Amino acid sequence: LPLLLEATLLQLASGSHHPFYNGFYYNHLMNDKGNGEEKVDHFNGARLVVETPRDPIYSSNGANVTLPCHYRFEPDTEAKRKIRIKWSKLRDDYTKEQDVLVAIGKTYVAFGDFLGRAHLRRASRHEASLVVSDVRLRDGGKYRCEVIDGLEDESDVVDLQLRGIVFPYQPLRGQYRLNFHEAEQVCQEQGAILATFNQLFQAWSEGLDWCNAGWLADGTVQYPIRLPRKPCGGLHLAPGIRSYGLRHRHLHRFDAFCFSSGLKGEVFYLEHPAGMTLEEAKQSCQDAGAEIARVGQLYSAWKFLGLDRCNAGWLADGSVRYPITKPRANCGPPEPGVRSFGFPSKGKFGVFCYKER
């Protein structure tokens, strides 16, 4: 990029003017009657309109997704305009946005985690859709499509939701041993991220019932209850999400609610007639050209690929679990789910391995 154009793009991405940090004046001007009412003055004699879908866009980990955005002028005009387009990812608390991409004409710059993964789709004259490849777990959320025409600026928001599964997680040390930052870390180690409230709510609506409180991505501590009972807030409360509110991220300790999405590979089971220790299990996966599966990968394989195995197997964190989609005798409770044997210090089992396609 020429230095001047690059500087212009960076200014557009990092400006701090009201209301969207874009560095350009907004098009709502106060009238001159002194009564505090607003009027709208459209520069260049045309009203700029930006439109995105009202319904969420759904995707999954590793997929490619397009976030639609179109703009138009009222009345329509054939005159060529030097349109600037900016995509930003909003934070849950609507504080400073994360820059995703800025474009002027056919030139664009992507930023941060989106570098090399984001570009514009312009299949039609007034299209400004964002294409994100190799979707990651942290890509879920709300995105702002902003169109700047000289001094006029309009925007709209797209909601990207990842199809996934929420699972509660306790480490080897036991219940309520994780501060917020440790909870973030253990979820990442299991191929997942801390769940958002909306993800936990969706899991609750699909049947998740868990009486232990866990961290969420916003720093709150909550837990989902389908069947009210005395140890879980009391019998007098209705079903729902119980909340401890915001907790101290360093001092307070709870479990974690992790979120995982689709897999780029497959989870499969290996067994040995005499069973295997954890170290032997890891080696068996390596010998098969794979790695020992993580907890989030097992949950995803159960949820999205229908993995059903009534044999317990080692996972990377040292826990022993098995997934059941079709409950039957001698395979645990009558509901589908991922069964856990905890973290056995002794014993030999099979192993769940993961191999990318």
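E206 and K303 are joined by a salt bridge whose closest N and O atoms lie 3.4 Å apart, the term denoting a side-chain nitrogen of Lys or Arg within 4 Å of a carboxyl oxygen of Asp or Glu. This pair links distant parts of the chain, 97 residues apart, with E206 in the loop between α3 (197-205) and β16 (214-215) and K303 in helix α5 (residues 295-305). Helices (H or I, at least four residues) and strands (E, at least two) are DSSP runs, numbered from the N terminus. K303 counts as partly exposed at 37% relative accessibility, where buried means under 20% relative accessible area, exposed over 50% and partly exposed in between (1.4 Å probe, protein chains only).

The model is predicted, with local features requiring pLDDT of at least 70 and side-chain atom pairs pLDDT 80 or more, while totals for chains, interfaces and linings use all residues. Residues are numbered from 1 along each chain as its sequence is written, and side-chain values use heavy atoms, leaving out hydrogens and water.

The structure holds 16 salt bridges, including these:

| Pair | N to O distance |
|---|---|
| E206 and K303 | 3.4 Å |
| R253 and E182 | 2.6 Å |
| K86 and D99 | 3.6 Å |

Because K86 lies in strand β7 (residues 83-89) and D99 in strand β8 (residues 98-104), their pair ties together parts that are 13 residues apart in sequence. K86 is buried, with a relative accessible area of 2%, whereas D99 is partly exposed at 22%.

Overall, the protein has five helices and 25 strands, and buried residues make up 45% of its 357 residues.
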